[in-house]
Amino acid sequence: MFTWGVSTSAYQIEGAANEGGRAPSIWDTFSRIPGAVANADNGDVACDHYHRYEEDLDLMKWLGVDAYHFSIAWPRVIPTAKGALNKTGLDFYDRLIDGALERGITPWPTLYHWDLPQAAQDKGGWNNRDCAYWFAEYAHAMGEKFGDRVKNWVTINEPFCSAWLGHLYGVMAPGIKDLQIGINASHHLLLGHGLAVDALRQVSSDFKVGVTLNFTPAIALGDSAEDLLAIQYADGFDNRWFADPVFKASYPKDIVEAFGKEVPIHPGDMEIISRPVDFLGLNYYFRQTVQYDAQAKPLPYKVINPPGVERTGMGWEVHAETFTKLLKYMHKEYGIKEFFITENGSAWDDKVVDGKVDDPNRVSYLERHLDAMFQAKAEGVPISGYFAWSLIDNFEWAYGYEKRFGLIHVDYQTQKRTPKSSAYYYRERIKNS
Ligand code: FCB
């Protein structure tokens with residue numbers, strides 16, 4: 001059976017930042033830095049999902065989805081990052097999981113969607129190797145606590161964003177700009193993933209465990225030797241740096257060399273990182289165009305935005321054929337046995353008019369990407385499910401509430417939810433599948 005689902009993440013929707021014993025995460029801290037987030041927005045209230053989860057589960061039931069992919073907020077369940085569990089925080093996820101199951105919806109948690117407890121950051125965060133072990137302990141605790149009802153687990157969401165956007169470019173929490181720290185963070189995130197796979201398997205051999213990686217295929221305007229180099233570096237930085245360790249037990253040599261830095265690998269790390277997973281959670285949004293640039297750091301290429309390209313409200317190129325190609329490539333190159341599309345979607349400048357939100361651009365994006373995914377599936381790629389990003393509009397990280405990705409519109413003044421045309425489209429598509 002093909003799994004139809006929707007995705008969200010804790011910091012982006014829950015709110016209740018200071019309730020129920022939740023401690024601050026690095027996003028609470030980062031969003032307070034002047035200029036870090038558009039309009040100085042933060043996740044204090046977000047979509048108030050912490051209180052409105054029943055309504056949101058009802059909306060999922062109305063959509064007809066089989067599964068809900070959400071994330072557990074580590075600082076809500078272990079406020080000190082390591083050590084004592086917070087019962088009030090666990091109770092929330094108990095209610096959420098039970099509420100989903102009562103509606104016939106399978107809960108699919110991710111354990112880390114970027115909201116590291118600030119307490120862990122105060123000890124160095126992902127730059128500190130110990131963080132990988134704290135993460136594994138937390139994973140183990142969640143497995144024990146929810147494993148009677150939760151069978152599908154995603155360890156880490158998009159280590160690319162945590163590592164590079166958070167520690168190299170500083171545009172996401174914790175806002176560090178340092179290549180060596182970025183490399184350390186990427187390695188410790190991946191190590192944390194591998195240790196969490198072991199920790200969850202220790203709890204139960206029934207669990208299906210995977211990791212979510214995002215992929216951004218690159219093209220260039222021509223096919224000169226320099227164009228090909230730019231593509232190779234972009235692919236190495238965005239895609240291979242994360243997929244190779246997990247599925248080939250090594251970092252891409254060309255990129256390690258080009259960085260000219262040490263990767264803090266200890267003996268045995270690569271075996272842990274490459275522990276067999278049951279599935280790859282694949283996130284796809286867009287492709288990028290790159291150009292060779294000898295001066296660019298940390299690798300000699302830059303992203304360019306050629307005109308005449310269809311783009312979403314994020315400026316991301318809409319290119320569904322790339323989705324098909326990527327899935328076929330990942331299957332062939334990495335021999336992945338099962339895929340779930342854990343995120344795919346688009347942001348547009350949605351408006352409520354007479355109580356309705358018509359979003360033809362999102363419908364078109366969704367339709368073309370679903371078709372592209374099913375094309376790959378028809379050609380033999382083992383894809384078992386698709387989770388649309390996102391159920392509801394939410395806190396889009398450094399873009400704050402400005403960018404809307406939801407199938408369901410949220411009025412942040414009143415917290416009123418309004419299904420957009422795309423929600424009706426998705427509902428029909430699921431019904432007719
Ligand atoms: C992904 C993130 C998700 C959301 C979408 C638009 O990179 O995992 O939280 O921000 O992009």
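A cavity is a set of grid points where a 1.4 Å probe fits but cannot get out, and its lining residues have an atom within 4 Å of a point. In the predicted model examined here, four cavities of 30 Å³ or more are present.

The largest cavity holds about 60 Å³ of space. Its lining consists of Asn344, Gly345, Ser346, Arg362, Tyr365, Leu366, Tyr386, Ala388, Trp389, Ser390, Phe405 and Leu407. Helix H14 (360–378) and strand E11 (383–389) each contribute at least two residues to this lining. By residue class, the lining comprises seven nonpolar, four polar and one charged residue.

For the second largest cavity, the volume is about 50 Å³. Ala10, Tyr11, Glu14, Gly15, Arg22, Gly43, Ala73, Arg76 and Asp115 form its lining, which divides into three nonpolar, two polar and four charged residues.

The packing of nonpolar residues was also examined. In soluble globular proteins, nonpolar side chains tend to be buried together. The largest nonpolar core of the model contains 133 residues, and Trp27, Tyr93, Leu282 and Tyr426 have the most contacts inside it. Beyond its neighbours within four places in sequence, Trp27 contacts Tyr11, Val37, Trp114, Met172, Ala173, Phe395, Trp397 and Ala398. A second, separate core is made up of nine residues, among them Val318, Trp348, Trp389 and Phe405. Trp389 and Phe405 of this second core also line the largest cavity, while Tyr11, a contact of Trp27, lines the second largest cavity.

Terms used: Residues are numbered from 1 along each chain as its sequence is written. This is a predicted model: local features need pLDDT of at least 70, side-chain atom pairs count only at pLDDT 80 or more; totals for chains, interfaces and linings use all residues. Side-chain values use heavy atoms; hydrogens and water are left out. A nonpolar core is a set of buried Ala, Val, Leu, Ile, Met, Phe, Trp, Tyr and Cys residues joined through side-chain atoms within 4.5 Å. Buried means under 20% relative accessible area, exposed over 50%, partly exposed in between (1.4 Å probe, protein chains only). Contact means heavy atoms within 4.5 Å. On a 1 Å grid over the protein atoms alone, a cavity is a set of points where a 1.4 Å probe fits but cannot get out, and a pocket is an open set with protein on both sides within 12 Å along at least five of seven lines; lining residues have an atom within 4 Å of a point. Grid points are joined across faces, edges and corners, and a volume is the space filled by probe spheres set on the points. Helices (H or I, at least four residues) and strands (E, at least two) are DSSP runs, numbered from the N terminus. Ala, Val, Leu, Ile, Met, Phe, Trp, Tyr, Cys and Pro count as nonpolar, Asp, Glu, Lys and Arg as charged, and the others, Gly among them, as polar.
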